[in-house]
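These are my notebook entries on one structure. I record below what I looked up, entry by entry.

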Amino acid sequence: MRHRTTLLAFFAVATVLASAAYVTGQGTQPPMPTGATAITSTPEHFDPVAATSAYLAKVPPDKKAKSDAYFEGGYWLILWDFLASSFVFILLLATGWSARMRDWAERVTRFKPIHTFIYWAEFLVFISVLTFPLGVYEGFVREHKYGLATQTFGPWLGDQLKGLAVGLVFGGLLMMALYGIVRRLPRTWWIWGAATSLVFLTFFALIAPVYVAPLFNKYTRLEDPAIRDPILSMARANGISAKDVYVQDASRQSTRISAFVTGFLGTERIVLNDNLLKRCSLAEIEAVMGHEMGHYVMHHAYKGLMFFGIIMVLAFAFLSRSSEWALKRWGDKWRTHSAGDLAALPLFAFLILTYLFVLTPIDNSYSRTEEYEADIFGLNAARLPDAEAEVDLKLADYRKLDPGTLEEIIFYDHPSGRVRIYAAMRWKAEHLHELGNRE
Ligand SMILES: [Zn+2]
């Protein structure tokens, strides 16, 4: 499922929270120790830096160039998405269409919450139609060009429409709640709005694995004991009481390998996708699942909610100040004068989008740090550093392996292949004596 950067950024964040994990982890780039340090600490003269370079050298140059091009293209798409959506929001305001959409919603019924829902539906359809060409390029054409997509256009479009329906229902409910608050509490709405959004998104993250994810993919129990039992054994060893492992038919949409531990408060599931099953050895699958279990054991879903709570409060504080200023200045032209007026929604969408755009490196760094933690946990749980390194190379299908430090801080929501392989080799260097018959 791909997420456009619209107001639905809310839902993107919720989904990120719900699927607290992708494949393996992240972290700030560790300084590369000198070979000398590595050698003195290990009797067998295993040099993690050299071992890392040897792994990276396994990727043929043409494959590396393709993966770099795909991932770097993604940097530009962050910008184009932001500019395209901003353009549509400002267009809605400046042409007075937003005011007309509000007037029309108010003619249909007398009930204010229904006005909100109708306006939201108009708004969502409008931005979806106008950003559709970019969406097709980004989510369909480009994915096929790089051999990452498996869907034909019809099923892909079907998934987009399902996503739109989910956004319509859940977004509509959230908007009805938020506008109720803004109208009743004109001075303190931003505090209550942030709290309501957080509660709502927590609820969404809770139910999404059970009620939303199955709209897009089938989840079946993994029956093969040769794979299931080692995973469940590792789960028990780390205090996770899961009795089943689920397989997601991700090959319906793409060739990417992925796994996640999703949900919380009883909706947790250990999920691995069928691409992972098809393309990886048992050792590699165990290495990935060790990482995913790290997310669970270290409560990354809850910590993510806390982090998101802070982002939300700051976002609403910013919305409150900046929207007041903008409405004073351009309200006459846009025919909307207060935060409680539906016609001002594109302004809020533009402001929140700008806020999230600016925060991209912070968001990514938060995620990357947790992913790196999960990597370290996974190495200790699965004890399969070479399998981990092999998986990291497979992830290079869609993630540039060896970026610059600043590039990684700004754009990477997972650590780069180099950082992850180095972490695995560093772990291996310190455990050589006990690895004899494990790998
Ligand atoms: Zn992860």
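**Entry 1: a helix checked by its length**

What span should the 23 residues of helix α15 have, and how far apart are its end C-alpha atoms? I noted before starting that the model is predicted. Helix α15 covers residues 360-382, and at 1.5 Å a residue it should span 33 Å. Its end C-alpha atoms lie 32 Å apart, which agrees. I then looked just past the end of α15, where R383 takes a positive phi of about 60°.

**Entry 2: the zinc ion**

Which protein atoms are the donors of the zinc ion? I found NE2 of H291, NE2 of H295 and OE of E371, at 1.9 to 2.0 Å from the zinc ion. Along the chain, these donors follow the spacing H-x3-H-x75-E. H291 and H295 both belong to helix α12 (residues 282-297); because they are four residues apart there, about one helical turn separates them.

Is L282 buried or partly exposed? Its relative accessible area is 34%, so L282 counts as partly exposed. I left aside the neighbours within four places in sequence and found L282 in contact with A226, I227 and P230. For I227, the separation from L282 is 55 residues in sequence, while the C-alpha atoms are 6.6 Å apart in space.

**Entry 3: aromatic rings**

I counted 20 aromatic pairs in the model. One of them joins F71 and Y412, with 4.7 Å from centre to centre and 55° between the planes, and this pair is tilted. The pair links distant parts of the chain, since F71 is in helix α4 (residues 61-94) and Y412 is in the loop between α17 (405-411) and α18 (417-429), 341 residues apart. F71 has 14% relative accessibility; buried means under 20%, so F71 counts as buried. Y412 is buried too, at 0%.

I next took the rings of F140 and W156, whose centres are 5.6 Å apart and whose planes meet at 55°, so this pair is tilted. F140 lies in helix α7 (residues 132-145) and W156 in helix α8 (residues 153-184), so the pair ties together parts 16 residues apart in sequence. Both F140 and W156 are buried.

Ring pairs also link F71, Y75, F411 and Y412 into a cluster.

**Entry 4: charges over rings**

I looked for charged side chains placed over rings. The charged end of R110 sits over the ring of F111, at 5.7 Å from the ring centre. R321 lies over the face of W190, 5.4 Å from the centre of that ring.

**Entry 5: the nonpolar cores**

Which members of the largest nonpolar core touch the most other members? Among its 37 residues, they are F170, W189, V212, F316, L319 and L347. The elements giving two or more residues to this core are α8, α9 (189-216), α13 (300-334) and α14 (345-358). Of these, α13 gives the most, with eleven residues.

How values were computed:
Residues numbered from 1 in each chain as written. Predicted model: local features only at pLDDT ≥ 70, side-chain atom pairs only at ≥ 80, totals over all residues. Heavy atoms only, no water. Donors = N, O, S within 2.8 Å, 3.2 Å for Na, K, Ca; no water. Phe/Tyr/Trp six-rings, centres within 6.5 Å; stacked < 30°, edge-to-face > 60°. Buried < 20%, exposed > 50% of the residue type's maximum accessible area, 1.4 Å probe, protein only. Lys NZ or Arg CZ within 6 Å of the ring centre and 35° of its normal. Contact = heavy atoms within 4.5 Å. Expected span 1.5 Å × (residues − 1). Core = buried A, V, L, I, M, F, W, Y, C linked by side-chain atoms within 4.5 Å.
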